[in-house]
Amino acid sequence: MVQVGPVLVDGIIYSAWLFIAAVGLTLVYGVMKILNVTHGSFYALGAYAGASLTGVWLARGLPPMLSYAVLLGGALLVTLVFAPVIERGLLRFMYAKDEVVILLVTYALFLILEDTIKLIWGVNPYFVAEPYALLGSFEVGGLRYPTYNLILVGLALALAAGLAWTLRATRSGKLLAAVIHDPEMSRALGVNVDRFYLVTFSLGCFLAALGGSFTSPTVSVVPGLGVDVIVLSFAVVVIGGLGSLPGAALGAVIVGLVRSASVHYMPQVELFVIYFVMAMVLAFRPRGLFSLAEPRRI
Amino acid sequence: MTRDRTPLLLAAILAAVVAGGLALPQWALFILTVACAQGLVVLGLMLLLRAGLVSFGQALYYCIGAYTAGGLARAFKIGDIFVQMFAGSALAALVALVLGFLLARYRGIFFGLLSLALSMILYGLIVKSEALGSTDGFNLLPSTLFGVRPSAAWVRYAVAVAAACVALGAAFLIHRFLNTPLGRLGPAIKDNEIRVEYMGASVRYAIHVNYVIAAALAGAGGALAASTVGHIDPEMAYWTTSGEFVFIAILAGTGSVIAPFLGALIFGAIHTIAYDVSPNTWQLSMGAALLLAIVFLPEGLWSLFVRRKAA
């Protein structure tokens with residue numbers, strides 16, 4: 001019998017990763033009512049940018065400790081190149097359309113970005129593990145874990161705290177709440193709604209890219225990397241409640257622990273349980289665990 | 001009121017496939033058969049789309065159909081394509097009948113997400129199932145028709161004709177269904193659900209029926225695809241497969257029962273040409289095509305024909 005300790009540690013690490021990868025999706029949905037399939041593309045873009053840039057960085061003999069900043073920079077770079085173009089150039093003309101139609105638009109963009117990635121980086125795998133191995137390892141219950149995983153957990157906590165603070169305590173956060181509640185009225189009162197949409201979309205994509213770039217040292221970066229992340233992120237944010245920040249955190253913890261437990265105790269149901277939990281939550285609480293009653297607008 | 005030309009058109013298409021198929025090369029017959037299989041699935045999606053529902057999990061039934069065909073071939077040595085399609089369709093319909101009680105309560109994005117979750121559950125199960133070949137899937141022998149195994153030179157033609165018969169037959173039945181009171185409820189539900197209820201019709205029942213029919217069609221399409229391609233794997237239940245079906249459905253439009261097959265054929269053509277011209281950027285071409293369709297043809301390709309008729 002496997003001990004509970006490793007299950008918990010794995011679960012927490014996996015939860016942290018899931019939260020980083022998925023939180024942007026819930027942010028974009030919460031503000032713009034867009035279920036953004038390109039989220040997975042940005043994850044992949046971030047992973048490629050992270051892996052290739054740190055590869056170059058280390059090959060030049062630059063200080064390895066700063067490679068974490070390079071990972072961050074890579075995510076920022078791909079976001080700035082792609083996200084504003086997508087939002088300003090295409091998505092903003094679609095806001096009047098149905099939620100499902102916008103979903104399909106982002107699906108089309110996802111197909112386009114899949115190949116754009118191949119055009120930029122080719123089809124060969126990238127593998128840069130140095131940032132992963134750099135920090136050594138720590139021990140829990142007789143099992144060794146790379147310390148890098150602690151960075152993931154720290155990053156997830158920092159993101160959660162940062163987002164919660166921005167949304168609850170800053171002027172922009174409060175304006176954003178107004179935009180979410182009633183975009184037209186906010187516009188009438190002089191809020192620059194377009195800019196909020198642009199920033200929110202870019203921020204959501206940046207979070208996805210960040211998830212990708214900080215995952216890149218732990219995996220080999222290959223085409224099709226983002227495809228799995230899309231459904232996994234969907235599962236996480238749906239469980240917690242689409243558009244809810246605490247919901248995304250709860251969803252990540254639930255999926256993380258469930259998967260970790262199944263990997264340790266019943267590996268054959270690993271994938272099954274995640275989507276089973278998602279289906280169960282949808283069946284009993286269609287709007288997710290953290291949802292509020294939605295007021296009906298006439 | 002013009003006369004209903006759809007049955008005539010369907011018969012003409014069938015005649016064209018039977019006669020023209022003799023002249024077509026093997027690869028074209030293959031594309032035609034796959035288009036029939038996908039068209040069947042999309043025909044079902046069209047029913048749901050008419051009611052304003054987008055299922056991102058139609059691959060669930062497609063996969064059930066395919067694995068039913070594969071299971072029959074492997075366990076009972078039943079290679080008859082009609083038996084396989086019927087069994088695949090029946091099993092898919094049965095599963096949909098059960099799941100429909102749950103799904104018929106959902107609308108909009110939640111309908112899509114729940115159907116997505118359900119198809120991913122099947123994916124997760126098959127991937128980890130050694131007996132079903134895990135991620136590799138397994139191969140199927142070429143199909144027989146009514147117990148006769150056509151010679152290698154003729155099998156593609158025979159299967160293509162059989163596929164066209166089933167596909168166009170299904171299209172005809174759906175066409176009839178759309179003109180029944182129950183079939184006509186679809187667009188009304190999309191328009192205003194509450195009014196439909198006020199008229200005394202049950203929205204949930206109508207959606208449930210549409211959902212089961214859609215699943216039956218997807219099951220038949222899956223079985224056909226399995227025996228045509230000769231290989232099945234869990235990717236058939238993955239969300240990208242569902243995405244392709246939605247893609248074709250949007251491309252085709254909901255204007256006619258012929259549209260899904262036209263859409264599937266064009267999808268196959270774009271796919272083949274794009275892959276031939278540049279193997280690494282075919283998805284880019286597909287994505288661009290989908291975007292263009294959404295922006296310039298929101299009612300799908302079929303709207304082109306309708307407009308021309310009106311002018």
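1. Leu250(A) lies in helix α11 of chain A, residues 245-265; helices here are DSSP runs of H or I with at least four residues, strands are runs of E with at least two, and both are numbered from the N terminus. Leu250(A) counts as buried because it has 20 C-beta neighbours inside 10 Å; the class requires 20 or more other C-beta atoms within 10 Å, with C-beta atoms placed from the backbone.

2. Outside the four places on either side in sequence, Leu250(A) is in contact with Gly240(A), Leu289(A) and Phe290(A), contact being a C-beta to C-beta distance within 7 Å, with these atoms placed from the backbone.

3. The model is predicted: local features need pLDDT of at least 70, side-chain atom pairs count only at pLDDT 80 or more, and totals for chains, interfaces and linings use all residues. Residues are numbered from 1 along each chain as its sequence is written, while chains are lettered from A and ligands numbered from 1 in the order in which they are written.

4. Between the chains, 33 residues of chain A are in contact with 34 residues of chain B. On the chain A side, the elements giving two or more residues are α4 (99-121), α10 (225-240) and α12 (270-284). Of these, α4(A) gives the most, with 15 residues.

5. Chain B has 13 helices and two strands. Buried residues make up 51% of its 311 residues. Of the contacts in chain B with a separation of 6 or more, 81% join residues 24 or more positions apart.

Terms used: Two residues are in contact if their C-beta atoms, placed from the backbone, lie within 7 Å. A residue is buried if 20 or more other C-beta atoms lie within 10 Å of its own, exposed if 12 or fewer, and partly exposed in between; C-beta atoms are placed from the backbone.
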